[in-house]
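Open the model in your viewer and keep the selection tool at hand.

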Amino acid sequence: MAKKRIYEIAKENKLTSAELVEKLKVAGVEVSGSLASVEEDVALKAIGGGKAAPKKQRKAPVKATNLGKRRRVIIDPSAAKRRSFVPAGRHQRARHRGRKGDAIAVAERQDQVATLDTSVVVKINSGATVKEISAALGISTSEIIKLLMSYGEMATITQSLSDEAISTLADDLERKVEIIHAADEEEEVEFADTAEDLLPRAPVVTIMGHVDHGKTSLLDAVRETEVTATEAGGITQHIGAYQVTHADKRITFLDTPGHEAFTAMRARGAKVTDVAVLVVAADDGVMPQTIEAIDHAKAAGVPIVVAVNKIDKPEANPERVRQELTEHALIPEDWGGETVFVDVSAKKRTGLDNMLEMIQLVADVQELKANPNADASGVVIESKLDPGRGVVATVLVNRGTVHVGDAIVAGQASGKVKAMSDYKGRPINEAGPSVPVEILGFDIVPQAGESCRVVEDERRARTLAGQRSDRIKAEILAKRRAFTLDDIFARIKEGEVKDLNLVIKADVAGSVEALEEALKQIKHVEVKIKIIHTGVGAINESDVMLAAASQAIVLGFNVRPSAAAKTVADIEGVDVRTYSVIYKVTEDVRAALIGMLAPTLVEEELGEAEIRSIFKASKLGTIAGCYVTRGKVTRNAQVRLLREGTIVWTGKLASLKRFKEDTREVEEGYECGVLLEDFNDIKEGDVLEFFETKEVAAT
């Protein structure tokens, strides 16, 4: 006997689909829902008898009849897929094309569902609409909308869904999905190069380590330039890329910031690199950021060369550094391990040749190669908006050769290479693998860390950038909607949380990212930081107006407000602050958050009095004759009445008297008359506690 849908068999036997599914499970037949198919005789057996419904005879197709002007059109049911239209006679019932067409479409979709392979992993874009998810999973939009409604989510077919929503739908439909984010798409581009196409390339080396352990000074010594002197506070604020030559071989260095706020930038540096040089000060040893750097390098699968710096100092102890690093699985070769250690002094310029030699040795083991003749691709290391030159992006080429005039795309940015310059600022016409190059020609500032590649023409570049932009907008739209109960609870809680709104502007994209990362580390249960806008370039009128509308503070890092922005800020009363060192930003924001915290109420005990006699006054109420046993009693203090240790009442004094005269306070050991405000239920032996509530600034 043929297979039939669960819901069809249930309907014929006057059962619900759920009841039939349950009976089948008891009989040992596993099914996944009302759309699933099952042998009809098996289902009837599970029900306990019953008779298969007779197959309905298909009606003959309606033939065309010539009825002049009164001809109508219906769909021939037997030829639905051919969409043939047949005129109907006068006495025949006209059928609505839309209804019949929908019924056929649903039936076809149900046929598809029955044959779907649930073991296949379906790729779905983050922020996909209900319609797109329906097409990807092969499930009707109505089924998906019904499921969403059961979760309490009212959705339309054009609505973008969050990642949580997509995952929950997939679980309930017993489908495997992989959610693809916009950031992942560029990584999916794969290039096929033959062994003959590949040629040796220079290794890309990242200098990593704790702040102030001498990373930039070490690179400075290698390049013989003074970079440290130009950095605010002596701390590297941007990623820079440089090349050096040793033994007729080139090495590309990435100089990453050491401050913990630049964790994301340092992680990106490790991701595009071939060798990580871990700089550890011989007089300081392993520090928190040293451990972070090790974790980033290991996560990226990058070999580590340890440079023990500052060995010229009297308190230097290189052996202690080696001992401490063994706890993090970095064991020196001398001790039977696999990690290369070199002792260097950036200040005295000793051990540098040995370090470069070890870097080349570690790189040679990897046999680094790339195809220089392919269309170029690489990674945006840094980007900024230069007032004179426009958008400037530092790109590290991974594969191929980029030429002046090439069409390029990096995330949402696209354009044509107008000019290029090397790490020394000299103009060049082409750049091959492992070469850092400054590119002019992007239409907008690309995000640091974006994949960058050359495409056939500018039109294609604009199309790809537009698609990426649409994807990111869809993801943002999906994230704005609460879906799960956790999201709803989070939003309820957020209503109780105060927000410190910030507008962040910086000179380069990397600084913006670093500031965001640093500010996210400042957390408190009562107040939170909300970054409403970030951008690259000077603070303009638009930034100030946005801050005014959002009651935000404008933070500028290595940028200044324009004259017009200053004027608007003065008129609107917007707080605009500029900085050149990241520590100051976090300090000021932390101070602002503390100012937003509700002050803590602290109770200060003043004194205690015992009620020893009671006097009733018809016009005033009940007066307590008291003896001050401890501290002092003051007229404006708050008071609580204790009876056998239990608080009976808390309030204020109506009056405080001594010898029938009003007084402001009564000291310990003296008697007084007390009248409580709106309370007369007092007894002899009751104790009055006097206290003040003071506000103490929260921290």
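This tour of a predicted model goes through the nonpolar cores and then some ring contacts.

**Stop 1: the largest core.** Select Phe 253, Val 277 and Met 355. Of the 27 residues in the largest nonpolar core, these three touch the most other members.

**Stop 2: one residue up close.** Which residues does Met 355 touch, leaving out those up to four places away in sequence? Select Leu 218, Val 222, Val 277, Ala 307, Val 342 and Val 344.

**Stop 3: a second core.** Move on to Val 527, Ile 553, Leu 555 and Ile 582. They are included in a second, separate core of 23 residues.

**Stop 4: the aromatic pair.** The structure has one aromatic pair. Select Trp 649 and Phe 679. Their rings are stacked, 5.2 Å centre to centre, with 15° between the planes. Trp 649 is in strand 31 (residues 646–658), while Phe 679 is in the loop between strand 34 (671–676) and strand 35 (687–696), so the pair ties together parts 30 residues apart in sequence. Are the two residues buried or exposed? Trp 649 has 14% relative accessibility, so it counts as buried. Phe 679 is buried too, with a relative accessible area of 15%.

**Stop 5: a charge over a ring.** Finish with Arg 640 and Phe 691. Arg 640 lies over the face of Phe 691, 4.1 Å from the ring centre.

Notes. Residues numbered from 1 in each chain as written. Predicted model: local features only at pLDDT ≥ 70, side-chain atom pairs only at ≥ 80, totals over all residues. Heavy atoms only, no water. Core = buried A, V, L, I, M, F, W, Y, C linked by side-chain atoms within 4.5 Å. Buried < 20%, exposed > 50% of the residue type's maximum accessible area, 1.4 Å probe, protein only. Contact = heavy atoms within 4.5 Å. Phe/Tyr/Trp six-rings, centres within 6.5 Å; stacked < 30°, edge-to-face > 60°. Helix = DSSP H or I, 4+ residues; strand = E, 2+ residues; numbered from the N terminus. Lys NZ or Arg CZ within 6 Å of the ring centre and 35° of its normal.
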